[in-house]
Amino acid sequence: MEAMQEATSVVIIGAGVAGLTLATFLQSSGVACVVLERRHRAYIEVRQRAGVVEARGVRMFERWRLADKLLGGPVAQAIDYRVNGTSRIFKTVGDDGSEGRFCTQQMLVGNLLREHIDLGGGDVRFGVGDISIHNEEDCRPKVGYSDSTGPHEILCDYIVGCDGNRGVSRSSIPEGVLRKFSYEFGYAWLAALVEAPVTGQPIMGVSDHGFVAQLPRGPSRSRYYLQCALNEGPEDWPDERIWNEIRLRLCDDTIPNAAVHDKDFVPLRSVVYAPMQYRNLFLAGDAAHLVPPTGAKGMNLALYDVDVLAQALTGAVHHRDKTGLERYSDTVLPHIWRYQEFSVWMTETMHDAGDATRHGAFRQMIARARLDTLFQSSTAMQLHGEYQRGTF
Ligand SMILES: Cc1cc2nc3c(=O)[nH]c(=O)nc-3n(C[C@H](O)[C@H](O)[C@H](O)COP(=O)(O)OP(=O)(O)OC[C@H]3O[C@@H](n4cnc5c(N)ncnc54)[C@H](O)[C@@H]3O)c2cc1C
């Protein structure tokens with residue numbers, strides 16, 4: 001069967017937070033684009049993940065005049081850091097008024113779908129398969145795919161891979177072009193969505209039993225993250241074990257059990273692929289880099305990439321100015337490495353300060369001393385706060 005042919009300016013692969021934000025920015029700049037997504041819309045709408053849009057992201061949406069439409073949820077005021085049950089409240093709203101927002105990734109994606117497709121008439125094709133990327137020198141780029149009506153081909157000027165860590169975009173780039181930098185932390189998180197809201201501040205805690213975090217996920221639910229071994233899985237964590245470990249790690253035996261809705265398992269790792277472009281194909285978000293969730297930077301990095309890329313694509317399509325595209329990788333990579341550095345520092349300090357069986361009691365005491373220094377030194381607090389808020 002012959003492929004149905006059409007043309008557009010930009011083909012975006014993946015309708016996650018990166019792909020949908022980029023499509024919405026391009027739409028508001030008058031750049032034609034098509035988004036191809038392998039999942040169905042109903043699946044995308046309920047996928048749970050990140051919970052905070054940092055101050056930089058809020059300012060970015062304000063600049064694109066989309067903040068009111070896309071960002072629900074309250075201001076992210078503070079985090080409660082607990083070491084062996086002792087609580088220190090860390091302000092995440094800057095003295096300059098800079099503030100992030102508790103807006104779950106699910107809520108942001110839902111708002112983007114409404115804004116881009118339902119109100120803006122954007123072209124997102126769900127449930128597509130067999131994506132093939134043609135990105136040869138001196139040829140117009142082309143993306144092939146199939147759906148229930150048969151094979152299709154879209155000629156375009158640029159392709160953007162926003163298809164996450166296991167997508168097809170990055171793997172279409174010939175071997176030897178990209179360099180992979182990666183680091184494995186050696187432990188994982190069990191993520192448990194529970195029927196219990198955050199009652200005070202979101203919590204990041206450690207005790208001798210390990211790391212735990214509790215982050216808001218709507219008015220009646222929260223997500224707990226519990227450090228666990230790499231060789232474990234959700235099946236090793238019955239609900240009773242989850243609640244016992246939460247009480248031990250927060251040193252609070254008054255916390256009652258509540259319903260656990262789902263359990264996920266996330267190995268902690270950091271990865272960067274560079275450069276983030278090859279000919280007319282550009283990578284953004286998790287397709288180009290992964291950070292451990294401890295620093296809450298993954299979604300925020302994806303938003304930063306597509307902000308830079310949307311401006312570069314607009315310059316190339318409307319003004320034939322390709323400078324922004326040529327510099328894309330060099331522009332975003334220094335920022336990505338700064339966030340990687342913060343995420344590694346935060347992950348190792350928080351985990352070393354907890355369970356000493358992995359790195360020993362010496363590293364545990366050093367990590368606790370680092371946290372003490374952080375909470376006692378106004379300079380360290382300020383620097384850490386700027387990273388935490390995403391305002392540096
Ligand atoms: C448990 C957990 C907690 C997290 N917490 C935070 C947090 O608190 N703060 C934070 O900032 N970040 C957090 N993150 C990270 C954040 O969720 C990711 O960085 C973010 O989703 C990246 O967005 P993306 O659009 O690049 O990728 P994704 O959201 O993964 O979207 C990729 C899209 O591409 C689609 N796709 C994949 N392959 C194909 C294909 N072959 N063809 C077509 N489509 C395809 C996928 O279906 C998906 O819709 C967390 C992640 C996890 C797993």
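Predicted model: local features only at pLDDT ≥ 70, side-chain atom pairs only at ≥ 80, totals over all residues.
Good morning, colleagues. I shall start with the ligand, then turn to the strands, and end with some individual residues.

How many residues surround the ligand? The shell holds 32 residues, and the closest are Glu37, Arg47, Gln105, Asp286 and Met299. By class, these shell residues divide into 15 nonpolar, nine polar and eight charged.

Several polar atoms of the protein lie within reach of ligand oxygen atoms. An N or O atom in the side chain of Asp286 is 2.7 Å from an oxygen atom of the ligand. The backbone also takes part: a backbone N or O atom of Ala18 lies 2.9 Å from a ligand oxygen atom, and a polar backbone atom of Val17 is 3.2 Å from an oxygen atom of the ligand. On its own, the ligand has 1,000 Å² of accessible area, and the protein covers 91% of that. Two elements, α1 (17–28) and α7 (298–319), each give two or more residues to the shell. Which of the elements gives the most? That is α7, with three residues.

I now move to the sheet. The model has an open sheet of six strands, with mixed pairing, in the order β9-β3-β2-β13-β20-β19. Its edge strands are β9 (123–125) and β19 (277–278), each of which pairs on one side only. Inside that order, strand β2, residues 10–13, pairs with strand β3, residues 33–36, in the parallel sense over four bridges.

With strand β7, residues 86–91, β6 pairs in the antiparallel sense over six bridges. With strand β15, residues 203–207, β6 pairs in the parallel sense over four bridges. To locate these pairings on the screen, please find Ala78, whose bridge partner in β7 is Lys91, and Arg82, which stands opposite Gly205 in β15.

The hairpin of β6 and β7 has two residues between the strands, and in it Asn84 takes a positive phi near 50°.

Next, I compare two residues towards the start of the chain. Gln5 sits in strand β1, residues 4–7, and Ser9 is found in the loop between β1 and β2. Gln5 has a relative accessible area of 52% and is therefore exposed, the cut-off being over 50%. Ser9, at 12%, is under the 20% cut-off and so is buried.

Their contacts can be listed as well, leaving out residues up to four places away in sequence. Gln5 touches Glu153 and Leu155. With Glu153 there is also a polar contact of 2.6 Å between the two side chains. Ser9 touches Val31, Ala32, Cys156, Asp157, Tyr158 and Val317. For a sense of scale, Gln5 and Gly85 are 80 residues apart in sequence, and their C-alpha atoms are 62 Å apart in space.

Finally, I draw attention to some backbone details in loops. The peptide bond from Ala274 to Pro275 is cis, with omega near -5°. Pro275 lies in the loop between β18 (260–274) and β19.

Arg65 has a positive phi, near 55°, although the residue is not glycine. Its place is in the loop between α3 (55–63) and α4 (67–70), and with a relative accessible area of 72% Arg65 is exposed. Cys251, likewise not a glycine, has a positive phi of about 50°. Cys251 is in the loop between α6 (239–250) and β18. How exposed is Cys251, and why is it classed as partly exposed? Its relative accessible area is 43%, which falls between the 20% and 50% cut-offs, and therefore Cys251 is partly exposed.

Thank you for your attention.

Notes. Residues numbered from 1 in each chain as written. Heavy atoms only, no water. Buried < 20%, exposed > 50% of the residue type's maximum accessible area, 1.4 Å probe, protein only. Contact = heavy atoms within 4.5 Å. Polar contact = N/O pair within 3.5 Å; in protein donor to acceptor, adjacent residues only side chain to side chain. Near = heavy atom within 4 Å. Areas by Shrake-Rupley, 256 points an atom, 1.4 Å probe, with all protein chains shown as cover. Nonpolar A, V, L, I, M, F, W, Y, C, P; charged D, E, K, R; others polar. Pairing = 2+ DSSP bridges.
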